[in-house]
Amino acid sequence: MPKTLNPLQLVADRWQPTARFVRRAALGAVVMAVIIVVTGGAVRLTQSGLGCPTWPTCTEDSLTPTPAMGINGIIEFTNRMLTYVLCAVVGVAIVAARARAPHRRPLTRLGWAQFWVIASNGVIGGITVLTGLNPYVVASHFLAATTLLTIAVVMWHRTGEGDETPRDLVARPVRQLSWVLVAATALLIVAGTVVTGSGKHAGDASKHIHRIPLDWHQITQLHVDFVFVVLGLTIALWFVLRAVQAPATAVRRVAELLVVLLLQGVVGYVQYFNDSPEIVVGAHLFGSCLVWIAVLRVPLSLRERGEAAGLRTPGQPSGDHEALAGQPAAAAAGR
């Protein structure tokens, strides 16, 4: 029986990317996932959500915006086109992961997972337009983009480690606390989408845009309550990691999260007390991506799977193993 022709295998037979290239390609997917979230927010904040009034074309008679549609049509259509750029970047990550020898199947699976999330979210984006910016569909559109960012971050992290069975670097209750932190942050983000769905920036200048029928100020207060919960959990985890003498990398990840949370809190208060100016809302949206990336990296830093081949030059110690080398007894005590 003739061998099935696999385009990715053909690429792998002719090109051998370095491990560093694969890692950078995965990082590129993370960056593009953030860009697509921020530009999606720009569409809403410039009231361009219905700049192209239909989907998948821009108008009933034109694939692209017409001069009569003005800047709003250009903004909305540009955001649609960025989806193809995102697909291209993720495609490079998939091909690079597949071509790299030895083949690491988990990496290619994470790459393909991103592709299918992009495709499904493109459909959700179309439904958003066809339903006249229904706030519940808009919220699901954002949450799907957050799912994409989650997978991209995991793939990026996995390119920097091996495929051994995960080994905890701290006691299991400490790792469980880190996942509680992730869950609380997820609820914080969901509450933020409700604030958006009930707030002033509907995404279009039309007065007929449906909004979530909740008091915007009360939902904002709930959002703030979640902020304090996440902040408290972050500080608690930092003290716990210090107490059990966790690896320096893990402590640093939590410290980074704390800094991002504090900066995001400042932006949030400026936004609230200045009636949500568009530029500050956009900064807050960008900050939410940074918070989510930072919180995901915390539990990922509390376990190891060995070293990824090819990332280090000969004689150069890896950051995590260097941190562990000086405190083997402490790591054992933490377990």
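**Surface patch, cis prolines and positive phi angles**

Val123 lies in helix H4, residues 105–130; helices here are DSSP runs of H or I with at least four residues, numbered from the N terminus. The model is predicted, so local features need pLDDT of at least 70 and side-chain atom pairs count only at pLDDT 80 or more, while totals for chains, interfaces and linings use all residues. Residues are numbered from 1 along each chain as its sequence is written, and side-chain values use heavy atoms, without hydrogens or water.

Val123 counts as partly exposed because its relative accessibility is 42%; partly exposed is the range between buried, under 20% relative accessible area, and exposed, over 50% (1.4 Å probe, protein chains only). Together with Trp55, Ile127 and Leu130, Val123 forms a nonpolar surface patch with about 340 Å² of accessible area. Patch residues have over 30% relative accessible area and no salt bridge, with nonpolar side chains (Val, Leu, Ile, Met, Phe, Trp, Tyr) joined within 5 Å and like charges within 9 Å. A salt bridge is a Lys or Arg side-chain nitrogen within 4 Å of an Asp or Glu carboxyl oxygen. Areas come from the Shrake-Rupley method with a 1.4 Å probe, and for residues only the protein chains shown count as cover.

Pro56 sits in the loop between helix H2 (19–45) and helix H3 (70–99). Another cis bond joins Ala101 and Pro102, with omega about 0°, and Pro102 is in the loop between H3 and H4.

Gln245, not a glycine, has a positive phi near 55°, in the loop between helix H7 (216–243) and helix H8 (248–273). Ser276, also not a glycine, has a positive phi of about 55° and lies in the loop between H8 and helix H9 (278–300). Ser276 counts as buried because its relative accessibility is 4%.

Note on methods
Helix = DSSP H or I, 4+ residues; strand = E, 2+ residues; numbered from the N terminus.
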